[in-house]
Amino acid sequence: MDEKRASFEREALVHLDVLYRVALRLTGNGSDADDLVQEAMLKAYRAWDQYQQGTNAKAWLLTILRHAFINEYRRRARHPETTDIDAIEPFAVFSEIQDDDPQGAFFDRIVDDEVLRAIDELPEAFRETLVLSDVEGLSYQEIAGILEVPVGTVKSRLFRARQLLQGKLYDYAVGQGYIKGTPA
Amino acid sequence: MNCRECVEHLYEFLDRELTPELERQIRDHLEDCPPCGEQFDFEELFLKFLRARCRTQGAPAELKRRVLRELFGE
Ligand SMILES: [Zn+2]
């Protein structure tokens, strides 16, 4: 096995699960996610000589994936972004539940698919920030680099994305009768 | 540090993005302030819940095969 292939397998291919999960949240369906990951991996392999080994392969790959998404998928997305994200009012779930369920036990009753569906409903700028941080565990600095925005923007998007998502899950839990309360 | 300042840094604290000094100040405040402590616990629990629910899925085996085929011709 040649050296390029060996190092690519060691440093890049190990992140395939991360790339797939992020691609799935960006595109919204499995078949586009497959194609997007395939495309990103191909671009990454071609550019592998430009990648500095031992640096941050995960962030580098996610940057490539996101560029590929913007260039080839976003413009034909079924739901083009129309939300004015600055106008979205966050809803403080904790203040609603602190008397009845301060430990957030209602979360335990919400299944994976419902959480993913709620994430998919977030405006794209919030969704990608939240997924990189809360699902994949990247730092503010890494996310700022991938999304090409200042760290302060990452912080404010993350704050609002989390509040918005909590609000959606809270509404769902109220609707299902998992918790009493008034929908946001 | 007062409650407002403490809550302002809530997510940065949970995300481990603060300087050690600020982190210590928050920890001190949380020890003496049950209401802030409860709020931080709730948000921490939410973030753990989120990660647990969203990381169960990985790349399908067929995609792995497809990538290897495309890249290395096998
Ligand atoms: Zn306090």
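**A tour from a salt bridge to a zinc site**

Begin by selecting Glu128(A) and Arg66(A), which form a salt bridge with their closest N and O atoms 2.9 Å apart; the term stands for a side-chain nitrogen of Lys or Arg within 4 Å of a carboxyl oxygen of Asp or Glu. What you have open is a predicted model, in which local features need pLDDT of at least 70 and side-chain atom pairs count only at pLDDT 80 or more, while totals for chains, interfaces and linings use all residues. Residues are numbered from 1 along each chain as its sequence is written, chains are lettered from A and ligands numbered from 1 in the order in which they are written, and side-chain values use heavy atoms, with hydrogens and water left out.

Next, colour chain A by its two domains, 1–83 for domain 1 and 99–184 for domain 2, the bounds coming from an automatic or database domain assignment. Their centres, taken over C-alpha atoms, are separated by 23 Å. At the interface of these domains, 16 residues of domain 1 are in contact with 17 residues of domain 2, contact meaning heavy atoms within 4.5 Å, and the rule finds three salt bridges across it.

Now show chain B as well, and select the 46 residues of chain A that are in contact with 31 residues of chain B. The area buried between the two chains is about 3700 Å², of which carbon and sulfur atoms give 62%; buried area is the accessible area (1.4 Å probe) that two parts lose on being put together, summed over both. Five salt bridges are found across this interface, and to see a salt bridge between the chains, select Arg162(A) and Asp15(B), whose side chains meet at 3.0 Å, N to O.

Finally, turn to the zinc ion, whose protein donors are Cys3(B) (SG), His29(B) (NE2), Cys33(B) (SG) and Cys36(B) (SG), lying 2.1 to 2.3 Å from it; donors are N, O and S atoms within 2.8 Å of the metal (3.2 Å for Na, K and Ca), and water is not among the atoms, so sites may look incomplete. The arrangement is tetrahedral because the four donor atoms subtend angles of 105 to 112°, where four donors count as tetrahedral if all angles lie between 85 and 135 degrees. Along the sequence, the donor residues are spaced C-x25-H-x3-C-x2-C.

Note on methods: Tetrahedral: all angles 85-135°; square planar, octahedral: opposite > 155°, others 65-115°.
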